[in-house]
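Here are my notes on the model you sent over. Have it open while you go through the points.

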Amino acid sequence: MAALQLLVNGVALGAAYALVALGFVLVLNATSAVNFAQGDLVMAGGLLAVALAPLIPLPGIVLLPVVLVLMAVLGLLLALAAYLPLRRRPPVSVFISTIAVGIILQNGAAILFGPEPRAAPPLFGDDTLRIAGLAVPEQSLAIVAVAALLIGAQQWVFARTQLGRRLRATAQDPEMARACGVPVTAMILVTFAIGAACAGAAGLLLANRYFVTPTAGGDLILKAYIAVTVGGWGSVPGAVVGALLIALFEIGVSSVLSYPMALGALYLTLLAILVFRPQGLFGEAVRRRG
Amino acid sequence: MESVVLGTGALALLVYALAFASPYGLRVLTVAGVYALATFGFQIVFGLGGALSLAQGAFFGVGAYVTGILGSRYGLGFEATFPLSMLVPLLLALPVGLAVLRLESHYFALATLGIAQVLHLLAVNLPDLTGGSNGLAGVPPAVLFGWTVPRGLPMAGLVWGLVALGGLIGWRLARGRLGRSLTMLRDDALAAATLGLDVGRLRLAAFGISALFAGAAGALAVHTQRVVSPEVLEFPVMVSILTIAIVGGRGRMAGAVLGAVLLLHLPEWFRFLERGYLVVYGVALLATVVLAPDGLTGLLDRIAAHRIAVRLFGRKPRPLAAAKEPPLPPAHPSGLSVEGLRKSFGGVRAVDGVSLDLRPGIITGLIGPNGSGKSTVINLLSGLERPEAGRVLLGGQEVTGARADRLARAGLARSFQAAALPDEAGVLEAVAAARLAVDPDAATAEAHARWALDRLGVGGLAGRSCDGLPAALRRRVELARALVRRPAVLLLDEPAAGLTDGEKAELAAVLRDLAGEGMAVLLVEHDMGFLLPLAGRVLCLDRGRVIYDGPADGVRRNSAVAEAYLGPAGSA
């Protein structure tokens with residue numbers, strides 16, 4: 001029974017992590033660039049929800065579309081300032097420019113909100129349901145449902161629409177896509193917007209149960225990175241599965257030991273994976289592009 | 001000129017410190033020195049070596065904790081704590097580096113960030129050792145030869161003395177063999193390996209050196225603050241070092257000093273932001289990466305180059321070293337021999353049971369239609385790909401599956417189809433890079449490089465930049481790069497492509513000369529008019545198999561070769 005309870009908590013956390021990792025891997029595939037600011041975008045989304053809550057005194061689910069749109073705009077700005085000017089330079093330049101954006105977001109948030117942890121409103125309600133002896137917070141169910149809906153919507157857009165075909169073509173081979181008349185630069189901007197919106201949604205989902213502080217981004221980017229490494233660099237389903245595994249690991253180890261121990265164990269596991277299986281547990285989905 | 005600028009800068013800092021700085025100003029200056037010292041190490045591992053280590057801040061913190069714990073808990077003095085503060089980060093860096101340095105750059109950044117987070121967690125969660133989140137107070141001041149260094153001017157003097165020493169060491173490393181080897185592998189790791197540079201070992205050395213610098217800086221930081229807390233292990237330290245290095249100028253020691261002095265004073269000028277000074281760092285970092293990727297020192301260089309045609313901080317045009325013939329390594333009487341080489345890519349046999357012998361003094365031609373496996377054979381022989389089966393003997397020694405750098409050091413040299421010269425480097429530098437793995441210092445390597453350029457009749461190029469050389473000259477420089485190593489076995493991938501008939505004749509004469517001296521040469525070529533008169537023996541590949549192996553004059557009459565190129569007789 002205890003194990004089942006942990007599973008419920010782990011899946012809820014994993015659903016939110018999956019959104020973080022999804023946004024990270026979409027940008028990675030479209031640009032071959034590592035977006036180091038992804039964790040700070042999650043934090044920004046969480047604090048945005050905190051700031052919007054008094055203005056829109058409604059449940060979190062109403063805030064969600066507002067957060068998605070504002071974060072997509074932030075993603076566009078990120079791409080314009082830190083990616084497009086550097087696309088012909090070595091990949092490490094983008095890594096550093098997104099680190100810079102992360103620093104600006106994190107410390108800007110610290111100036112605006114102060115260092116103390118904040119909570120965003122719940123999506124629907126704060127009650128806890130009793131289902132077959134399990135305590136299931138409504139918020140956990142809502143997190144899983146909303147994350148599943150958003151990931152499903154992303155999959156549908158990518159698989160079924162003209163926009164999705166263009167986005168996939170850009171991710172697979174930008175030169176070829178350009179030759180076939182796909183507006184590659186616009187597609188990259190859209191991908192950054194989607195990636196930031198995913199991060200923002202994750203921030204809103206996480207910021208109720210787990211609170212949000214301006215420095216939360218560092219751990220989140222590491223977890224997204226680990227999820228993508230575990231799932232196979234560049235694999236979208238792999239990133240989602242990796243995120244679920246990480247959350248279950250974190251919840252499981254925390255329950256036996258403590259959260260810092262779980263975090264330490266997670267990072268050490270990451271090092272072990274990098275040393276022994278750098279292609280990830282399920283194999284690398286994309287090779288390095290020249 | 002360079003020394004004049006550095007001297008003026010040092011004098012200005014000295015005058016400021018002695019005459020104008022308040023006690024608080026001196027403290028800021030001291031901390032700037034501490035960060036400059038930490039950044040020297042980062043310039044070597046990241047600026048020169050291209051490995052984005054996010055553990056530099058963590059090594060700084062470890063150095064700080066070693067001094068803090070040993071000084072406040074065990075009462076050890078500066079003479080013990082300072083070396084240990086450098087040693088412990090080094091001991092931490094070596095096993096970590098061994099494990100992850102061969103990975104791609106972004107994985108390395110992630111792994112080092114993971115280590116930094118683990119160390120921070122340990123510092124917070126081991127209160128018995130580290131004082132937990134409160135840290136440890138009562139760290140003693142530095143004591144030099146029995147003299148307790150007080151705060152203020154003496155401490156600033158100690159720190160900046162060490163900055164001068166560290167900067168000099170870093171500068172010498174950067175200009176010497178290590179720095180040039182690191183730049184070479186940052187720009188093109190594959191080419192560096194085929195020139196005999198051990199990529200993993202060089203990066204490990206750079207990572208270790210970066211840890212030494214960071215540890216020393218951390219120790220000095222704690223002697224300045226007199227307390228140590230988990231703050232020294234937090235990300236802002238790393239952010240500061242990264243920003244200083246990029247804003248100052250990647251890979252430049254002068255940039256580290258300039259960046260540190262500037263950025264540590266920035267928060268003083270942006271007081272209204274209070275603790276938000278890191279926003280300013282973020283903006284400075286972003287602006288520099290986008291607008292001035294060479295940083296402030298690069299910018300100053302360019303301004304100076306426009307105005308007075310002298311580079312301030314960069315390499316001045318130096319007098320060229322006199323040409324000197326590199327010593328011949330002991331000859332390999334048996335050359336290179338290969339038996340049953342096999343390699344598949346995704347189920348397709350690219351090379352299938354190839355055997356060949358490269359004998360000293362003989363030019364062997366390797367021909368075959370496009371896609372027949374010629375380039376894969378060269379890649380297998382030079383260690384860029386590992387064979388699945390087969391045996392390779394170089395100079396009588398078994399070298400099957402050896403890495404490219406080991407094969408290169410054992411006497412093998414190769415050229416690439418698209419000449420792989422670094423665009424930013426000068427011709428002499430690019431050729432000298434091929435000697436870095438063997439020569440004792442960079443000056444000797446350059447003297448040897450001049451010999452190779454002279455030998456190939458392009459001595460006049462020594463002062464030019466690789467960027468913008470015409471194709472024929474690029475190929476000649478690339479050949480000089482192979483020749484300068486006095487290889488026993490030389491593998492050339494289409495060296496005549498794009499050359500005029502006159503240039504081909506010159507190249508043929510050079511190759512004949514080299515073979516005459518006892519070199520074993522393998523020539524991959526499409527141009528039969530060039531190859532056949534030159535080669536003593538020719539192999540023809542088709543779909544990964546050898547279909548002809550014999551004298552050059554038999555190739556044209558061989559029906560299997562004709563079929564491979566033209567399709568079966570009658571079908572065309």
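**Notes on chains A and B**

1. Chain B is assigned domain 1 (21–235) and domain 2 (336–566), with bounds from an automatic or database domain assignment. Keep in mind that this is a predicted model: local features need pLDDT of at least 70, side-chain atom pairs count only at pLDDT 80 or more, and totals for chains, interfaces and linings use all residues. Residues are numbered from 1 along each chain as its sequence is written, while chains are lettered from A and ligands numbered from 1 in the order in which they are written.

2. The C-alpha centres of domain 1 and domain 2 of chain B sit 43 Å apart. Their contact draws 16 residues from domain 1 of chain B and 17 residues from domain 2 of chain B (contact: C-beta atoms, placed from the backbone, within 7 Å).

3. On the side of domain 1 of chain B that touches domain 2 of chain B, H8 (177–187) and H9 (189–194) each give at least two residues; H8(B) has the largest share, five residues. Helices here are DSSP runs (H or I, at least four residues; strands are E, at least two), numbered from the N terminus.

4. Over in chain A, the axes of H1 (residues 2–31) and H10 (residues 236–256) come within 7 Å and cross at roughly 140 degrees. Axes are lines fitted to C-alpha atoms, for helices over the stretch in contact, with angles from 0 to 180 degrees between N-to-C directions.

5. H1(A) and H10(A) are therefore oblique to each other, given that under 35 degrees is roughly parallel, over 145 roughly antiparallel, 65 to 115 roughly perpendicular and the rest oblique.

Notes
Two residues are in contact if their C-beta atoms, placed from the backbone, lie within 7 Å.
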